[in-house]
Amino acid sequence: MTEGHQRIYSVAQRLFALRGYTGVSIADIAKEAKMAKSTVLHHFANKQKLYQEVVNESITLFAAAPADLAQANLADKLKHLLAAMLAEPMHAKLLNRVFMDNPQSAALAARRYWRPLLERLTPEGDARQRALALFCVNAIIQIAFSIELQRHVLKSEIDLVKTYCLVIDDLVLKVSRRETFKT
């Protein structure tokens, strides 16, 4: 990827995550990237193609993170996903925005990405483990989506990654023991 291509891509990712597809124009991207609109269109044929590329990268990162640990246990896979999403929280913001802008995409996303992800996370899992994995994946996306807010609220008093990893360990242990949660 050339430097110009990468700059356009990064700007587009951030703008799409913050404003959604309809809230961003090629002119907005060009202005933010400090380029001519024609330069943006030279690198990307149109806004739809740029959007699809940006979203596909986020989905690929999200779906592939636990695949790196095929033989690991569920807790380690979830912690790996947490680390990946917190390293690049813009992906979580973009994925949230995609579903906010187009709720009809949920069925397609479930079929193409979420079910295969759950199968990789819990290849031998029962419905209870898959429900736990789905709960944790949703929590991880929300954690990454709002990580800046959490850091401001807690004033960086604790290491959030370590804290959330302990929560994941505790949840997985309780479900594996079939313990109930006190309400």
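Here's a quick briefing on the fold, the largest pocket and a few residues of this protein. This is a predicted model, where local features need pLDDT of at least 70 and side-chain atom pairs count only at pLDDT 80 or more, while totals for chains, interfaces and linings use all residues. Residues are numbered from 1 along each chain as its sequence is written, and side-chain values use heavy atoms, with hydrogens and water left out. In short, the protein has 10 helices and zero strands.

**Overall build**

- Reading from the N terminus, the elements go α-α-α-α-α-α-α-α-α-α; helices (H or I, at least four residues) and strands (E, at least two) are DSSP runs, numbered from the N terminus.
- Along the principal axes, the C-alpha atoms fill a box of roughly 60 × 40 × 30 Å.
- Of the 183 residues, 40% count as buried. Here buried means under 20% relative accessible area, exposed means over 50%, and partly exposed is in between (1.4 Å probe, protein chains only).
- Take the contacts between residues at least 6 apart in sequence: 63% of them join residues at least 24 apart. A contact means heavy atoms within 4.5 Å.

**Surface and charge**

**The largest pocket**

- The largest pocket has a volume of about 580 Å³.
- It has 24 lining residues, and the closest to its centre are Val 55, Ile 59, Val 98, Phe 99 and Ser 105.
- On a 1 Å grid over the protein atoms alone, a pocket is an open set of points where a 1.4 Å probe fits, with protein on both sides within 12 Å along at least five of seven lines; lining residues have an atom within 4 Å of a point. Grid points are joined across faces, edges and corners, and the volume is the space filled by probe spheres set on the points.
- α4 (47-64), α6 (89-101), α7 (105-121) and α8 (127-145) each supply at least two lining residues, and α4 gives the most, with seven.

**Gln 13 and His 91**

- Gln 13 sits in helix α1 (residues 3-19) and counts as buried because its relative accessibility is 11%.
- Not counting residues up to four places away in sequence, Gln 13 touches Val 54, Glu 57, Ser 58, Met 90, His 91 and Leu 94.
- His 91 is in helix α6 and is buried, at 3% relative accessible area.
- Leaving aside neighbours within four places in sequence, His 91 is in contact with Gln 13, Glu 57, Ser 58, Leu 61 and Met 85.
- His 91 and Ile 59 are 32 residues apart in sequence, with 7.9 Å between their C-alpha atoms.

**Arg 97**

- Arg 97 lies in helix α6 and is buried, with a relative accessible area of 18%.
- Arg 97 and Arg 19 are 78 residues apart along the chain, and their C-alpha atoms are separated by 7.9 Å.

**Lys 34**

- Lys 34 is in the loop between α2 (26-33) and α3 (37-43), and it is exposed, with a relative accessible area of 72%.
- Phi of Lys 34 is near 60°, a positive value in a residue other than glycine. Most residues other than glycine have a negative phi.
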